[in-house]
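The following report describes selected features of one protein model. Its sequence and structure are shown first.

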Amino acid sequence: MNEDLILLLGSIDDADETYLNGSKIGETGKFPPERRTEWTTLRAYPVPKGLLKTKNNVIAVRVCDFGFDGGIFKAPIGLILKKDFNIKMTEITKPHRSAKELVSSNGLTAIVYSVENHKLISMYEHIYKIASPGNYTKNIIHDANFIVELDGKKYDLSEIPEDEVSYINGTNIIFANYKKLGVQIFLFAPFQIDAPVMVAICKINKKYRQSKIYFRANTIYGEITSEDILSDVFEIQQLQIKKVIKTKTVKRSDGTGGEVEKRVFIAIPSSSTKEEIQKFSELTENDNILNDEIKFWNNFIKRPNFNLENLTKKEIELFKQSLAVIKMAQCREKGSPYGQILASLPPGEWTYTWVRDGVYAINALIELGYFNEARAALEFMLKAKVGTYKNFIHKGKDYGVKKDYKITVCKYYGNGIEESDHNEDGPNIELDGFGLFLWAFGNYVEKSGDLDFAITYWDTVTTKIADVLISSIDNYGVIRAESGPWERHLPGKHYAYTTIAAIKRVKIARKGCRASKREDSRKIL
């Protein structure tokens with residue numbers, strides 16, 4: 001065959017070497033000892049002319065996986081003409097929806113809507129994945145959706161693609177629009193209540209002679225429907241979702257045409273206190289609940305110390321929704337979980353708090369003037385329980401921090417206890433978090449002027465964070481080999497990122513702490 005061909009192998013986790021009829025035609029990523037992952041890269045290898053036989057061709061792919069799932073995991077796969085490949089790549093690189101789910105969170109629960117399946121697929125009892133070792137967050141709802149009956153004909157909305165599905169911009173409200181039917185769906189976890197609550201609203205905007213709205217859900221407690229109406233919410237005693245569902249139906253004002261709106265409220269009682277139950281009851285009676293949630297977000301977005309005037313409409317929309325995601329990712333549970341900012345919301349895999357991801361979010365909040373949120377996130381780390389890796393012997397050598405420390409060497413469980421990913425090469429003992437935290441700490445003190453905060457935590461910051469960095473400098477004058485930002489376990493490497501973070505962030509921390517007028521701010525140099 002004289003035409004140019006491309007061999008497509010989709011995406012491979014993490015690195016590969018590919019052979020055709022015994023000849024190497026391409027490689028992506030790096031095998032150990034270099035270890036470079038390119039698990040998101042599309043493998044597209046040109047086929048050398050004359051190498052392909054008329055039959056009995058052999059393709060061999062050597063794959064190296066560095067952890068978790070691995071191998072060839074994503075299409076397209078096959079042989080394609082180069083001219084067709086160029087057309088296909090143009091299509092692939094067009095703007096498109098890459099996430100197949102939308103999530104709404106109020107910092108206490110997270111609900112997930114599947115765009116592919118056109119229905120709600122999750123309601124979690126926490127926004128983080130694991131509260132403590134072995135204590136995994138439960139998914140209360142497996143699937144849920146509305147069914148509408150319009151002039152005698154039933155429509156299961158989970159079987160009908162939405163004409164439009166997105167967030168109401170700058171909010172956590174998931175909006176699905178069925179234009180032909182005249183039906184709209186709104187799903188959100190309301191910030192109007194400090195409890196894990198979901199609100200689902202179905203509206204019929206088109207006039208029908210008769211209309212009826214149903215809701216059904218499969219949960220870990222069995223099936224529930226919108227007919228499961230709780231008449232007295234004060235009867236809630238147990239963590240059973242059937243006992244806390246409440247619906248409200250709105251009919252046409254002229255009494256004709258049947259139902260035009262149904263609101264479903266589902267709560268996961270976190271304490272079942274009378275106060276909590278009363279607030280839930282009041283929420284279900286709020287006829288303006290949707291507009292009030294939009295008002296909450298409008299007021300939240302108005303707070304930033306940021307000039308939006310020079311941005312395009314699309315840039316403003318992106319800014320608002322990005323800020324909303326950070327707000328959704330900050331935990332509002334009372335006690336040790338409070339204030340943490342997750343690296344990923346459900347259904348993402350990394351629903352933990354990492355120092356690295358958290359610090360970038362914290363600094364964004366600081367720059368925009370969201371000081372209360374930034375302080376809460378900093379305090380979560382300062383109050384968390386760490387110290388497991390002060391000393392850690394691996395293959396006869398101590399790779400531990402070697403000093404009392406206050407910032408985790410990797411991430412946190414939901415309850416604020418230190419956690420570090422382990423594999424056959426030991427845990428991740430990362431040192432970049434210490435410098436990164438100092439950056440956020442100093443930035444917060446300088447920008448907010450919160451001197452009490454600096455004074456309260458000064459001894460901790462100097463002795464258990466800054467001193468750790470100083471003690472980690474090796475004979476080369478840089479931070480010693482460690483797991484680094486790419487979490488390479490042990491024995492680790494020297495990472496420029498870690499040393500640069502330490503140098504730059506310590507300077508910023510010193511600047512911020514000088515604002516607190518502490519004479520001993522020299523200590524963190």
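## Salt bridges

The side chains of Glu-430 and Arg-356 meet in a salt bridge, with N and O 3.0 Å apart; the term denotes a side-chain nitrogen of Lys or Arg within 4 Å of a carboxyl oxygen of Asp or Glu. Glu-430 lies in the loop between β28 (426–427) and α7, and Arg-356 in helix α5 (residues 355–367), so the pair ties together parts that are 74 residues apart in sequence. Glu-430 is buried at a relative accessible area of 4%, and Arg-356 also counts as buried, at 11%. Here buried means under 20% relative accessible area, exposed over 50%, and partly exposed in between (1.4 Å probe, protein chains only). Helices (H or I, at least four residues) and strands (E, at least two) are DSSP runs, numbered from the N terminus.

The model is predicted: local features need pLDDT of at least 70, side-chain atom pairs count only at pLDDT 80 or more, and totals for chains, interfaces and linings use all residues. Residues are numbered from 1 along each chain as its sequence is written, and side-chain values use heavy atoms, leaving out hydrogens and water.

## Further charged pairs

The count of salt bridges comes to 25. One of them joins Asp-143 and Arg-216, whose closest N and O atoms are 2.7 Å apart. Asp-143 belongs to strand β12 (residues 141–150) and Arg-216 to strand β18 (residues 211–219), so this pair links parts that are 73 residues apart in sequence. Both Asp-143 and Arg-216 are buried.

Glu-261 and Arg-263 also form a salt bridge, with closest N and O atoms 2.7 Å apart. Glu-261 counts as buried at 13% relative accessibility, and Arg-263 counts as buried at 4%.

## Helices α6 and α7

Helix α6 (residues 371–383) and helix α7 (residues 432–448) have axes that come within 11 Å and cross at roughly 145°. The axes are lines fitted to C-alpha atoms over the stretch in contact, and angles run from 0 to 180 degrees between N-to-C directions. Residues making the contact include Phe-371, Leu-378 and Met-381 of α6, and Phe-437, Phe-441 and Tyr-444 of α7; contact means heavy atoms within 4.5 Å.

## The surroundings of Gln-330

Gln-330 is located in the loop between α4 (313–328) and β22 (353–354). With a relative accessible area of 7%, Gln-330 is buried. Leaving aside residues up to four places away in sequence, Gln-330 touches several others, among them Gly-107, Ile-127, Gln-340 and Glu-373. Gln-330 and Cys-64 are 266 residues apart in sequence and, C-alpha to C-alpha, 36 Å apart in space.

## Backbone features

A cis peptide bond with omega of about 10° joins Pro-346 and Pro-347, and Pro-347 lies in the loop between α4 and β22. Leu-490 and Pro-491 are likewise joined by a cis peptide bond, with omega of about 10°. Pro-491 is situated in the loop between α8 (451–471) and α9 (496–514).

Asn-56 is not a glycine, yet has a positive phi of about 55°. Asn-56 occupies the loop between β4 (42–47) and β5 and is exposed, with a relative accessible area of 61%. Lys-395, a residue other than glycine, has a positive phi near 55°. Lys-395 is placed in the loop between β23 (393–394) and β24 (397–398) and counts as exposed at 72% relative accessibility.
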